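This report walks through a structure of two chains for a reader who has not seen it before. The sequence and the structure come first, and the description follows.

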Amino acid sequence: MLKYFVASLVLLCSITSARAESIRIGYIPIADCLQLYVAEELGYFKAQGLVVDKTPLSGGSLIAMAVEGGELDVGWSNTASLAIAQDRGFDFAILSPGAFEQDPDRREHSLLVAKNSPIRTVADLKGKTVGINALGNINEIAVAALAAQNGLSVKQMRLVEIPFPQMEAALASGHVDAVLTLEPFVTIARGRGATRVLEPAALKPFGKRMLIAAWFAKRSWLDRHKAAAAAFALAMRKASAYIEKNPAQARELLTRHTKLSLALAQQITLPLFAQKVEDSDVQGLIDQAARFGYIKKAFPAQRLNLPAAQP
Amino acid sequence: MRRGPDWQGLAFCLCVALAWEVAARQELLPPRLFPALTSVLAQLAEGTAAGTLPRALAKTLFCMGAGLLAAASMLPLGIWAGRSQRLWSTIGPTVEFLRSLPPALMALPAMLLLGIGDAPKIFAVFFAASFPILLSTMDGVRAIPPLFLDTARTMQVKPSAMLFEVILPAAAPGMFSGLKTALPMAFIVAMVSEMIGGADGIGHLLLRSQRSFDIPQMYAIILVVALTGGILAQGLNIVESSCLRWYSGWKSVCGRRCG
């Protein structure tokens with residue numbers, strides 16, 4: 001009897017001690033975090049002995065605070081927030097790229113106006129009200145840059161905050177003249193037919209290809225958990241490859257992890273999930289942010305510790 | 001009865017401030033999330049000099065004031081409801097039902113109808129402040145000692161004089177009680193509604209500071225909010241004590257023996 005007990009105890013210990021490293025991840029349950037859902041469902045984490053404990057949160061800045069405070073190890077955030085954090089002295093580093101936007105057909109963000117609006121070009125937005133989901137972040141920088149490209153200053157427009165789900169109603173009621181929105185709301189609005197696209201690639205001032213969001217951690221955590229960080233990055237890379245090679249299956253997977261219906265998941269424009277991020281994917285955003293005063297000074301993209309490519 | 005400066009209170013305040021400074025410098029909490037009091041005060045000075053804090057605060061106080069002014073329309077309704085049991089049986093159930101709706105969240109449906117500007121915020125403040133004012137005024141009127149009303153009736157006082165010289169002063173303690181509840185609620189609701197789809201105001205600035213990782217500014221805003229709330233409450237107390245001079249005198253003489 002004792003023999004069996006000891007044997008099973010030894011077996012149990014060897015199983016639990018087999019390279020199981022646990023990381024706590026913060027994310028937002030939207031389509032852009034697709035790599036996370038894929039990696040989890042297809043077992044990419046488990047294959048490397050990573051145990052992932054994921055926490056959905058409602059905003060990138062909340063995730064950043066939780067990572068800074070040590071409650072989470074890895075978080076998902078848009079690149080603008082990471083640049084602003086860097087500017088304010090926070091010490092985050094990018095572990096793995098997230099979603100990209102790329103010309104011509106991988107553009108998620110659009111400027112919409114009401115269908116019968118007299119506004120035909122971005123220059124017509126002078127003196128008008130534009131709705132964005134969060135002031136002081138990536139969408140405001142994009143509007144500032146678009147305005148400058150069209151000979152306007154963003155100060156000649158009135159920017160207001162509207163949550164994404166309410167943007168269409170605000171356009172319809174005439175309370176705003178234009179909104180900067182993203183998928184799936186762009187597709188939803190197109191389906192309802194009451195809006196028109198003013199600018200199909202609202203983030204184009206940041207470059208032909210740009211990194212919208214990334215998975216990040218505190219540099220101090222990175223230095224202490226190099227193996228877990230590398231394992232996480234590899235799992236994300238495999239997930240990106242899977243998504244690009246199997247878009248239909250990836251879209252179907254989306255319906256299980258977000259509130260998207262299958263029909264909607266099949267119609268929306270998916271962002272690009274590239275294997276490797278270049279400096280140029282991020283530098284455009286940093287430079288524009290500095291140009292319009294959202295960060296104090298531009299800095300080289302490398303300071304965000306962009307991961308090197310794996311062969 | 002003269003009261004000197006509150007030395008004990010001040011000393012306690014300073015101890016708390018000192019504890020904050022020491023705890024922050026010792027990095028008992030992550031330093032970037034818990035800055036030292038000195039850096040927060042520096043940010044406060046900078047924000048005041050640059051005008052961002054005063055402008056934002058002025059905007060919030062404007063919306064709050066407008067909402068409170070609108071809620072003042074509840075004063076006559078409260079007096080009427082206190083005097084007329086029939087009115088209260090009619091509107092009472094609806095009022096009680098509406099009262100349980102969380103006022104700050106009323107800004108969201110208000111945005112759909114009133115647009116994106118000050119209107120939904122003012123509506124949310126009006127909604128929040130109305131109930132304490134209405135109900136406390138009503139209670140104040142109901143609590144008027146019957147002796148006052150009987151005496152006035154015996155003296156055959158005109159209806160207008162009855163209202164302005166008997167009922168209003170007697171109901172004033174109830175009205176002020178309602179105002180003292182409504183004021184901090186109005187301030188809070190004004191700030192919260194700014195966080196739901198706003199573009200300016202101190203509540204919105206707080207949210208925006210958090211999003212831009214401007215942690216010292218976040219704390220500076222919290223200090224400003226606490227100071228402002230304290231000043232407003234004190235101001236109301238002063239107004240109340242001057243309006244209700246008769247009441248404190250009467251209470252100390254009569255107590256429960258009258259009316």
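In this predicted model, Trp76(A) stands opposite Trp215(A), a residue of strand S12 of chain A. The two strands involved, S3(A) and S12(A), run antiparallel and are joined by 5 bridges. On S3(A) there is also Gly75(A), which stands opposite Gly26(A), and here the pairing, between S1(A) and S3(A), is in the parallel sense over 2 bridges. Strands of a sheet pair through backbone hydrogen bonds, either parallel or antiparallel.

| Strands | Sense | Bridges |
|---|---|---|
| S1(A) and S2(A) | parallel | 7 bridges |
| S1(A) and S3(A) | parallel | 2 bridges |
| S3(A) and S12(A) | antiparallel | 5 bridges |

How many residues of S3(A) are buried? The count is 5 of the 5, so this strand is largely enclosed by the rest of the structure. In a regular strand the side chains alternate between the two faces of the sheet. Both faces of S3(A) are covered, with Val74(A), Trp76(A) and Asn78(A) buried on one side, and Gly75(A) and Ser77(A) buried on the other.

Chain B is built from 12 helices and 0 strands. Its C-alpha trace spans about 70 × 50 × 30 Å along the principal axes, and buried residues make up 35% of its 259 residues. Of the contacts in chain B with a separation of 6 or more, 74% are between residues 24 or more positions apart.

Where the chains meet, 23 residues of chain A are in contact with 15 residues of chain B. On the side of chain A that touches chain B, the elements giving two or more residues are H4 (60-69), H5 (79-87), S8 (158-161) and H7 (167-173), and H4(A) gives the most, with 4 residues. The residues on this side of chain A divide into 13 nonpolar, 7 polar and 3 charged.

Methods:
Residues numbered from 1 in each chain as written. Chains lettered and ligands numbered in written order. Predicted model: local features only at pLDDT ≥ 70, side-chain atom pairs only at ≥ 80, totals over all residues. Contact = placed C-beta atoms within 7 Å. Nonpolar A, V, L, I, M, F, W, Y, C, P; charged D, E, K, R; others polar. Pairing = 2+ DSSP bridges. Buried ≥ 20, exposed ≤ 12 C-beta atoms within 10 Å, placed from the backbone.
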